[in-house]
Structures are given as structure tokens and as C-alpha cells.
Amino acid sequence: MKKKIVLIGMMGSGKTTIGRILSKILKFDLIDTDLLIEKSCKKKISQIFNEHGEKFFRNKEEKIILDILMNTKKPCVIALGGGAFLNKELQKVILKDTISIWLDTSIELIHKRCKKSNQRPLLHESNGKNLKKIIKDLLKIRKPIYSKAKFVVKASDTPINVCNKILTYIKDLI
């Protein structure tokens with residue numbers, strides 16, 4: 001039985017919120033990888049991107065997530081950062097060793113949740129692109145990768161309803 005549940009999806013898709021509720025229901029630990037990276041670097045993710053660049057961030061992210069996947073023995077819910085599942089090494093381990101769930105969220109809802117945040121470095125308006133266009137472009141690249149997850153859950157409902165859908169899918173796997 002696979003006791004690690006990995007939530008993947010775009011920033012603003014609800015991974016942390018859903019993870020918090022799901023972990024309480026299942027009595028599993030919640031591991032938010034973005035928070036671990038911030039703790040490790042003693043900086044917010046936006047600062048890490050600004051000061052060290054995306055490549056540095058992605059290397060740190062891979063190292064921390066692989067450590068969690070290989071060394072955490074207790075059952076847990078892992079909320080990945082939005083771009084983590086794009087990493088082929090992480091994908092391989094996640095698809096093989098965990099219950100992966102893509103929280104598929106509409107562009108409109110992601111936009112609504114992210115428009116006031118300055119903590120999401122890939123969503124900063126640049127090159128004259130507006131926020132919705134940036135989200136749409138990122139989703140176009142990421143959707144085929146996210147869709148490799150074992151389960152796809154439409155995440156536009158209330159968090160508790162999304163958790164109930166997830167529980168229905170995974171009940172025989174945990």
C-alpha cells in the first residue's frame with residue numbers, strides 16, 4: 001500500500017488547502033514542499049527566485065522533495081510546488097511510489113486566487129503579458145505533464161468536496 005499522497009497542480013490550485021484538510025481526515029502528516037524550501041533557504045520563494053534564479057530554486061526543490069520521497073516513512077500528504085512535477089526525476093519517483101493527484105483548476109479560479117499575490121514569481125506580469133495570459137501559457141505547457149498523475153480531480157468545488165472526491169478515488173489504496 002502506498003502511504004504517500006502527492007498533490008500536484010498549478011499555483012493557486014489549492015494544494016496546500018486541500019492537503020491540510022486531507023491530512024487531518026486521514027490523520028497523516030502534511031508536508032508542504034514550498035514551506036520546506038523557504039525554511040531551508042531562510043527566504044521566501046520570491047526572494048530565492050530574485051536573488052538566485054529559477055535554476056537554483058529547482059535544484060533545491062528537487063533535492064528536498066527526493067529526500068522526502070525516499071526517507072519519509074510515515075504516511076503523509078505532500079503538497080508540491082506548481083513546477084515540481086515538471087522535473088522528470090521527481091515525476092518518475094512520484095508516479096512509481098506514491099498516489100499522485102492532479103488538482104485540475106480553471107484558469108479563472110487560479111487567476112482569482114493569485115492576482116493579489118506577489119509571492120508567485122512565475123506569475124509576475126512581464127513582457128506586457130497580463131496575468132491571465134501568463135497562467136494560460138503555463139497551463140498549456142504543464143497540463144500534459146500534470147495529466148500523468150494517477151488521479152485527476154476537478155478542484156473548482158469547495159475544499160471539503162474536493163477532499164471527498166479524492167477519498168473516493170483513493171479509499172482502496174490507503
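A residue is called buried when its relative accessible area is under 20%, exposed when that area is over 50%, and partly exposed in between. The legends below apply these terms to a predicted model.

**Figure 1. Phe151 and Tyr169 form a stacked aromatic pair.** The ring centres of Phe151 and Tyr169 are 5.4 Å apart, and their planes meet at 10°; planes under 30 degrees apart count as stacked, so this pair belongs to that class. Phe151 is part of strand E5 (residues 151–154), while Tyr169 belongs to helix H8 (residues 159–170), so the pair ties together parts that are 18 residues apart in sequence. Phe151 has a relative accessible area of 15% and is therefore buried. Tyr169, at 41%, is partly exposed.

**Figure 2. Trp102 and Tyr146 form a tilted aromatic pair.** A search of the whole structure identifies 3 aromatic pairs. In the pair shown here, the ring centres of Trp102 and Tyr146 lie 5.8 Å apart with their planes at 45°, so the arrangement is tilted. Trp102 is found in strand E4 (residues 99–104) and Tyr146 in helix H7 (residues 131–146); the pair thus links distant parts of the chain, 44 residues apart. Trp102 and Tyr146 are both buried.

**Figure 3. The largest nonpolar core contains 34 residues.** Within this core, the residues with the most contacts are Ile8, Leu69, Ile78 and Leu80. Several elements give two or more residues to the core, including strand E1 (4–8), helix H4 (54–71), strand E3 (76–79) and helix H5 (88–97). Helix H7 supplies the largest share, 7 residues. Apart from this core lies another, of 18 residues, among them Leu7, Leu22, Leu26 and Phe28.

**Figure 4. Contacts of Ile8.** Which residues are in contact with Ile8, leaving aside its neighbours within four places in sequence? They are Lys15, Leu80, Phe85, Ile101, Trp102, Leu103, Tyr146 and Ala149.

Figure 5. Is Val162 buried or exposed? With a relative accessible area of 1%, Val162 is buried, because this value is under 20%. When residues up to four places away in sequence are not counted, Val162 touches Ile18, Leu103, Val153, Lys154, Ala155 and Asp157. Between the C-alpha atoms of Val162 and Leu22 there is a separation of 9.4 Å, although these residues are 140 residues apart along the chain.

Terms used
Residues numbered from 1 in each chain as written. Predicted model: local features only at pLDDT ≥ 70, side-chain atom pairs only at ≥ 80, totals over all residues. Heavy atoms only, no water. Phe/Tyr/Trp six-rings, centres within 6.5 Å; stacked < 30°, edge-to-face > 60°. Helix = DSSP H or I, 4+ residues; strand = E, 2+ residues; numbered from the N terminus. Buried < 20%, exposed > 50% of the residue type's maximum accessible area, 1.4 Å probe, protein only. Core = buried A, V, L, I, M, F, W, Y, C linked by side-chain atoms within 4.5 Å. Contact = heavy atoms within 4.5 Å.
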